[in-house]
Amino acid sequence: MNQPRIAVLLPCYNEEAAIAQTIAGFRDALPGAAIYVYDNNSRDRTVEVARAAGAVVRSERMQGKGNVVRRMFADVDADVYVMADGDATYDAKAAPKMVARLLDDGLDMVVGIRVHEAVEAYRRGHVLGNRLMTGILARLFGRTFTDIFSGYRAFSRRFVKSFPVLSGGFEIETEISVHALELKMPVGEVETPYFARPEGSASKLNTYRDGLRILSTIITLYRIERPMLFFGLIGGLLALIAVLLAIPLAITYAQTGLVPRFPTAILATGLTILASLSGTAGLILDTVVRGRREVRRLAYLAVPGPST
């Protein structure tokens, strides 16, 4: 059978110190693959170094990794896609194993689980944040991945061409994970070493800023994908507050036949109305989301799946 076309996708921003090493590593690991470097307004010599190393270099002017991934997925045509960062932190030697797992098991995505030894490779704050966000994702969506923030992934064509990228920044990995979970795609994981950046290369991540953006993305996706539970929880909370406010009023009315605290009564009534509206909105949006999910599933099935 024909060998699958493999594309290596490397989003880059100021990676002059590491991009040549990254390209060389993937060329050795996947000799027949096409290597694409997508530059995101680098202010150093990333573009020149990548071209000299033999990669196909393209640019995306909208700043942010999510915008780069959207452009890469739209432009590049292949059967298997391997996405990594251009900072030489991911082990290119693991790529053949990830591709083989994708094809042999008929998966749509294989995530490279980062296994690190050097403290410089993966800061403690990032480890804690990863575990926290992974737990939140498991609570919200029922299942999750070991390393939801890993940027080292292998995709099938079916995944790439049916994924509507909406994120603009580093929260793209979270969106990718949620997309796979929502459509119940067959996925897998492969452990891979994670190295410290080479000298002269600096991380673009901000632990707290990017962590808040990722948490916001999870909450937004939960609101969009689970509206009945999201708005039902809000409605239940409002209804509970209304009941707690109404109990003393009901007791006073039963004893005296009077309602002396009109502002409280009006507040309780308003909260009850809001609770009902929230529940109704959840029911309506749940129906809309179900229809939209069916359309996304059909778009996903319209693309041929992975095969050897």
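This is a predicted model: local features need pLDDT of at least 70, side-chain atom pairs count only at pLDDT 80 or more; totals for chains, interfaces and linings use all residues.
Local features are given only where pLDDT is at least 70, and side-chain atom pairs count only at pLDDT 80 or more, whereas totals for chains, interfaces and linings use all residues. Residues are numbered from 1 along each chain as its sequence is written, and side-chain values use heavy atoms, with hydrogens and water left out.

**View 1. Helices H9 (residues 227-256) and H10 (residues 262-301) at their crossing.** The two axes, which are lines fitted to C-alpha atoms over the stretch in contact, with angles running from 0 to 180 degrees between N-to-C directions, come within 8 Å and cross at roughly 165°. H9 and H10 are therefore roughly antiparallel to each other (angles over 145 degrees). By class, the contact of H9 with H10 comprises 20 nonpolar, 6 polar and 1 charged residues (nonpolar: Ala, Val, Leu, Ile, Met, Phe, Trp, Tyr, Cys and Pro; charged: Asp, Glu, Lys and Arg; polar: the others, Gly among them).

**View 2. Ala 268 in helix H10.** Ala 268 counts as buried (under 20% relative accessible area, with a 1.4 Å probe and protein chains only) because its relative accessibility is 7%. Not counting residues up to four places away in sequence, Ala 268 touches Ala 242, Leu 245 and Ala 246 (heavy atoms within 4.5 Å). Ala 246 lies 22 residues from Ala 268 in sequence, yet their C-alpha atoms are 6.2 Å apart in space.

**View 3. Helix H4 (residues 95-104) and its buried residues.** Ala 95, Met 98, Val 99, Leu 102 and Leu 103 are buried, and elements covering them include strand S1 (6-12) and helix H1 (19-29). After H4 comes Gly 106, whose phi is positive, near 60°.

Note on methods. Helices (H or I, at least four residues) and strands (E, at least two) are DSSP runs, numbered from the N terminus. Angles under 35 degrees count as roughly parallel, over 145 as roughly antiparallel, 65 to 115 as roughly perpendicular and the rest as oblique. Buried means under 20% relative accessible area, exposed over 50%, partly exposed in between (1.4 Å probe, protein chains only).
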